[in-house]
Amino acid sequence: MNPKSILFAGATFALTATSALAAECIAPANPGGGWDFTCRQIGKIMFDIGAVDKPIQVTNMAGAGGGLAYAHVVAERNDDAELIIAASSATTTRLAQNAYAGMTADQVRWVGSIGADPGVIVVGKDSEFQTLNDLIEAAKADPTSVSFAGGSAVGGFDHLKPLMVFQKAGVEDVTKVKYISTNNGGDAITQTVGGFTKAMTGDMSEVVGFLKSGDVRVLAVLTEERVPGFDDIPTAKEQGVDVVAVNWRGLYIPKGVSDETFDMWADKLAQVAASDEWKAAMEANGLAEFTKVGADFQNYVDQVVADVNTLSKQLGVIQ
């Protein structure tokens, strides 16, 4: 499927049961990835449960790590009420780090997230750290003694997760914590299991196999609540560190649409979140529940962008 763009000129009306045009979901990447999954699953379920009366058209628009689609929406589709765009934590991280060439998070409206791959802090099975607070105390005593491996680049979301935890817990200079960037979560776990780093940071889906084989222990999951199926793993919050860091899956829409359109899409997304079909899709793809829609999600995004921006400046990732 070639990337293409369908322009609905003057489409400023709300999507109703009698709308003449099918809505469109832009996946800012090629078929097969997370954003493509978000568009196709959410779009299919919206139609299956009757939230929309026509199947939602999916357009793949790869480029600049989501930046091409973002610029397209801002510049050319700002008042298109029939348009939704797949997003994730990577989207807001890149916006916070000015990776979209001057584009900012307030140039669109953030509709909601309805699932997430939970962030985790992981150590090898024989690690001296038994709890998250053991790791935090070590970082407080000597931040250079603590090293992490992760699947993102330096300054990426995997790098930021443990630093957010340490910063919230009162570690004075989190920039001294060592981070080893690897190609993926599997490589990061290998570094940790092999004793080359003290811990690894990534997503729950990356560590499940190693957890089941007993090679690693998860000190904390970075979610609001414990993850179903992994009920023995405590959250960072219940260990006294109020950090939620998940790779959420959700949507944004153009900034220029009406409040009525924003509320309408938030409601449709909430309908998907409550459906048995979405619960089955989450289970099949290793996602945890992470439902924030409407103003609740907009406020969450604003805070995350501010936090990531501040931390990225401290790390020297951005000026």
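Which element gives the most to the lining of the second largest pocket, and with how many residues?

Analyst: The element is helix H10, which contributes seven residues to the lining of the second largest pocket. The model is a predicted one, and every value below is computed from it.

The second largest pocket holds about 440 Å³ of space. Its lining consists of 17 residues, and those nearest the centre are Met-164, Lys-168, Asp-242, Gln-303 and Asp-307. Two elements give two or more residues to this lining, namely H5 and helix H10, the latter spanning residues 295–315. Divided by class, the lining of the second largest pocket comprises nine nonpolar, three polar and five charged residues.

At least two lining residues come from each of H1, helix H3 (89–96), helix H5 (157–169) and strand S9 (246–254). H3 provides the largest share of that lining, four residues. The class division of the largest pocket is five nonpolar, twelve polar and six charged residues.

H1 (residues 34–48) packs with helix H8 (residues 259–273) at an angle of about 90 degrees, and their axes are 9 Å apart. H1 is therefore roughly perpendicular to H8. On the H1 side the contact is made by Ile-42, Ile-45 and Met-46, and on the H8 side by Trp-265, Lys-268, Leu-269 and Val-272. By class, the residues of this contact of H1 with H8 are six nonpolar, no polar and one charged.

As for the whole, the protein contains ten helices and ten strands. Its C-alpha atoms fill a box of roughly 60 × 40 × 35 Å along the principal axes. The radius of gyration is 20 Å, which agrees with the value near 20 Å that a compact globule of 319 residues would have.

To return to the part requested, the lining of the second largest pocket draws most on H10, and Met-164, Lys-168, Asp-242, Gln-303 and Asp-307 are the lining residues nearest its centre.

Terms used
Residues are numbered from 1 along each chain as its sequence is written. This is a predicted model: local features need pLDDT of at least 70, side-chain atom pairs count only at pLDDT 80 or more; totals for chains, interfaces and linings use all residues. Side-chain values use heavy atoms; hydrogens and water are left out. Axes are lines fitted to C-alpha atoms, for helices over the stretch in contact, and angles run from 0 to 180 degrees between N-to-C directions. Angles under 35 degrees count as roughly parallel, over 145 as roughly antiparallel, 65 to 115 as roughly perpendicular and the rest as oblique. Contact means heavy atoms within 4.5 Å. Ala, Val, Leu, Ile, Met, Phe, Trp, Tyr, Cys and Pro count as nonpolar, Asp, Glu, Lys and Arg as charged, and the others, Gly among them, as polar. On a 1 Å grid over the protein atoms alone, a cavity is a set of points where a 1.4 Å probe fits but cannot get out, and a pocket is an open set with protein on both sides within 12 Å along at least five of seven lines; lining residues have an atom within 4 Å of a point. Grid points are joined across faces, edges and corners, and a volume is the space filled by probe spheres set on the points. The radius of gyration is taken over C-alpha atoms; the globule rule is 2.2 Å times the number of residues to the power 0.38.
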